[in-house]
Amino acid sequence: MRVYNFSAGPAVLPEEVLKEAADEMLDYQGSGMSVMEMSHRSKTYDKIIKDAEADLRDLMNIPDNYKVLFLQGGASSQFAMIPMNLMKNKVADYIVTGQWAKKAYQEASIYGKANKIASSEDATFSYIPDCSDLPISEDADYVYICENNTIYGTKFKTLPNTKGKPLVADVSSCFLSEPVDVTKYGLIYGGVQKNIGPAGVVIVIIREDLITEDVLPGTPTMFKYKIHADNESLYNTPPAYGIYICGKVFKWLKKQGGLAAMKEYNEKKAAVLYDFLDESSLFKGTVRKEDRSLMNVPFVTGNEELDAKFVKEAAAAGFVNLKGHRSVGGMRASIYNAMPIEGVEKLVAFMKEFEKNNA
């Protein structure tokens, strides 16, 4: 029996996609082999990766002057790759709204002057600071944000005013959950294991003028965007099977009606849980209302023993991976694109029952 998987990542994938992949596991479209066994230089695989890129461009309406790169190393590798490639003046501004933005900021500090120009650490990252008029450094090469904070459940609803500097955004946990105006960013990237595919792939969408030979001295060949862009993500063996699954998810998203339809569905789904949290006498959401994420919903009872009891009983009832991140405790329901609304409705019904029994 399949459970309702509320994991923050690796996370739930569309059942339809998993069944298709299962059907093709031993023989992909008459090739006599699995995509897992296939040469990344073959014509068959070339079509898989090119179709995946075309569908992603279509979904996000990515302009021609942006490159799409399918890379490895997870989103965390980008914490170094971004400054190595973009820090021409060795200065960058960081808005720190959670653990991953903080790690990116710390990594950038190795390569140049990283300025923390705004932060919400004073209130355990439970809100997004006002970014309408920040002290952007005159010589900053870029301004960096983590757009959706997986651990803390916050989301930028308005992008920061970067005063003309390129915006770099980690969108790992909100990737393809709603329409995006790609032209507002210099670079968008995300690990796919939350909302798009299996762990092992990171997608980078980067404006062409930011891809140059002029990188920091000592930058490894594998960490140069230009190398990957010039070789169409095939400089080395890519995470071939992961990209194949991402491609299937892109097709699934198009079938659902695209990103506008997904946003509507995700808002409806999140409202089921947030509306309950707002009226519950036991459970409480931990994020300022206007900054709530549609993808990650953290909540607590206010009693650690009761939190642990809830997580245990929920797992026994088929609602798994609800334990909050080790750094914050409590609970967190990640309700990505592939989580059906019934899963959230059944979780809320279970929470109501738990509340009644533990009042």
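The structure is a predicted model, in which local features need pLDDT of at least 70 and side-chain atom pairs count only at pLDDT 80 or more, while totals for chains, interfaces and linings use all residues. Residues are numbered from 1 along each chain as its sequence is written, and side-chain values use heavy atoms, with hydrogens and water left out.

M25 is partly exposed because its relative accessibility is 31%. This residue sits in the loop that runs between helix 1 (15–23) and helix 2 (43–60); helices (H or I, at least four residues) and strands (E, at least two) are DSSP runs, numbered from the N terminus. Together with L26 and M36, M25 makes up a nonpolar surface patch with about 340 Å² of accessible area in total. Such areas come from the Shrake-Rupley method with a 1.4 Å probe, and for residues only the protein chains shown count as cover. Patches are made of residues with over 30% relative accessible area and no salt bridge, like charges being joined within 9 Å and nonpolar side chains (Val, Leu, Ile, Met, Phe, Trp, Tyr) within 5 Å.

Backbone geometry is noted at three loop positions. The peptide bond between G9 and P10 is cis, with omega at about -5°, and P10 belongs to the loop between strand 1 (4–5) and helix 1. In the loop between helix 5 (225–230) and helix 6 (240–255) lies E232, a residue other than glycine whose phi is positive, near 50°. S233 is found in the loop between helix 5 and helix 6, and its phi, near 65°, is likewise a positive value in a residue other than glycine. E232 is exposed, because its relative accessible area is 52%, whereas S233, at 3%, is buried.

A search of the whole structure finds 27 salt bridges, each defined as a side-chain nitrogen of Lys or Arg within 4 Å of a carboxyl oxygen of Asp or Glu. Side chains of opposite charge can pair when their charged atoms come close. In helix 2, D46 and K50 are four residues apart, about one turn of the helix, and they form a salt bridge in which the closest N and O atoms are 2.9 Å apart. Both partners are partly exposed, D46 at 26% relative accessibility and K50 with a relative accessible area of 41%. R57 and E53 also meet through their side chains in a salt bridge (2.9 Å, N to O). About one helical turn separates R57 and E53, because they are four residues apart in helix 2. E53 is partly exposed, at 25% relative accessibility.

A further salt bridge joins K251 to D55, with 2.6 Å between the closest N and O atoms. K251 lies in helix 6 and D55 in helix 2, so this pair ties together parts that are 196 residues apart in sequence. D55 is buried, at 8% relative accessibility, whereas K251 is partly exposed, at 47%. D55 and K251 also belong to a network of salt bridges that links them with D58 and K254.

One cavity of 30 Å³ or more is found in a search of the whole structure. On a 1 Å grid over the protein atoms alone, a cavity is a set of points where a 1.4 Å probe fits but cannot get out, and lining residues have an atom within 4 Å of a point. The largest cavity has a volume of about 80 Å³, a volume being the space filled by probe spheres set on the points, which are joined across faces, edges and corners. Its lining consists of M60, E147, V171, C174, F175, L176, E178, V180, Y185 and I188. By class, eight of the lining residues are nonpolar, none is polar and two are charged; Ala, Val, Leu, Ile, Met, Phe, Trp, Tyr, Cys and Pro count as nonpolar, Asp, Glu, Lys and Arg as charged, and the others, Gly among them, as polar.

L59, in helix 2, is buried at 12% relative accessibility. The C-alpha atoms of L59 and E178 are 10.0 Å apart in space, and the two residues are 119 apart in sequence. P160, in the loop between strand 7 (154–155) and strand 8 (167–170), is buried, with a relative accessible area of 8%. P160 and D133, 27 residues apart in sequence, are separated by 8.1 Å, C-alpha to C-alpha.

Note on methods: Buried < 20%, exposed > 50% of the residue type's maximum accessible area, 1.4 Å probe, protein only. 1 Å grid on protein atoms, 1.4 Å probe; cavity = no way out; pocket = protein on both sides within 12 Å on 5 of 7 lines; lining within 4 Å.
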